[in-house]
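Dear colleague,

I am passing on the structure we spoke about, and you will find the sequence and the coordinates just below. My notes on what was found follow after them.

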Amino acid sequence: MTRRLREAILWVGAALGLLSVVAGTAVMFFGYTFLIFRSGSMGPEIPTGSLALARTVPAAELEPGDVVSVLSVNGARVTHRLVSSTLRGGEASLILQGDTNTTPDEEVYQVTEAQREIFS
């Protein structure tokens, strides 16, 4: 291996390590998280296997069209587009629907906050 190639590999490794530290700091201190889309319900805009950055926000800040991630009553994570919300105090009732789904989710999600996608 040439010296230049070895140094390039080391610099790439250092950059990836720094990126990991920055991402970890953002997750711990600023309410950011990463989401992985494990189904095709948000395709084709967000295909299966996509990675998204999301931030936890109060329910009052959510707007129709936002892609949000919440927990269902059985504890499963659901990440779909917000169709509508009804706010009562600090709690919201959310109607979500996957982009490829023909109807909204059966469950109405009761939340005080949700993870809103920033980009994917």
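In which loop is P44 found? P44 sits in the loop between β1 (32-36) and β2 (51-58), and the peptide bond that leads from G43 to P44 is cis, with omega near 0°. I mention this bond because most peptide bonds are trans. Please keep in mind throughout that this is a predicted model.

As to the overall layout, the protein chain has 1 helix and 7 strands, and from the N terminus on these elements run α-β-β-β-β-β-β-β. The C-alpha trace spans about 60 × 30 × 25 Å along its principal axes, and the radius of gyration of the protein chain is 18 Å, whereas a compact globule of 120 residues would have a value near 14 Å. Of the 120 residues, 30% count as buried, and the protein chain exposes about 7,900 Å², of which carbon and sulfur atoms supply 60%. Among the contacts with a separation of 6 or more, 47% are between residues 24 or more positions apart.

Y109 is worth a look on your screen: leaving aside residues up to four places away in sequence, Y109 touches V70, L71, S72, V78, A92, S93, L94 and L96.

The last point concerns the surface, where V12, L16 and L19 form a nonpolar patch with about 300 Å² of accessible area together. One of these residues, L19, lies in helix α1 (residues 3-30). L19 counts as exposed because its relative accessibility is 54%, and the cut-off for that label is over 50%.

When you open the model, you might begin with the cis bond from G43 to P44, then go on to the surroundings of Y109, and finish with the patch of V12, L16 and L19.

Methods: Residues numbered from 1 in each chain as written. Predicted model: local features only at pLDDT ≥ 70, side-chain atom pairs only at ≥ 80, totals over all residues. Heavy atoms only, no water. Patch = residues over 30% accessible without salt bridge, like charges linked within 9 Å, V, L, I, M, F, W, Y side chains within 5 Å. Areas by Shrake-Rupley, 256 points an atom, 1.4 Å probe, with all protein chains shown as cover. Salt bridge = Lys/Arg side-chain N within 4 Å of Asp/Glu carboxyl O. Helix = DSSP H or I, 4+ residues; strand = E, 2+ residues; numbered from the N terminus. Buried < 20%, exposed > 50% of the residue type's maximum accessible area, 1.4 Å probe, protein only. Contact = heavy atoms within 4.5 Å. Rg over C-alpha atoms; globule rule 2.2 N^0.38 Å.
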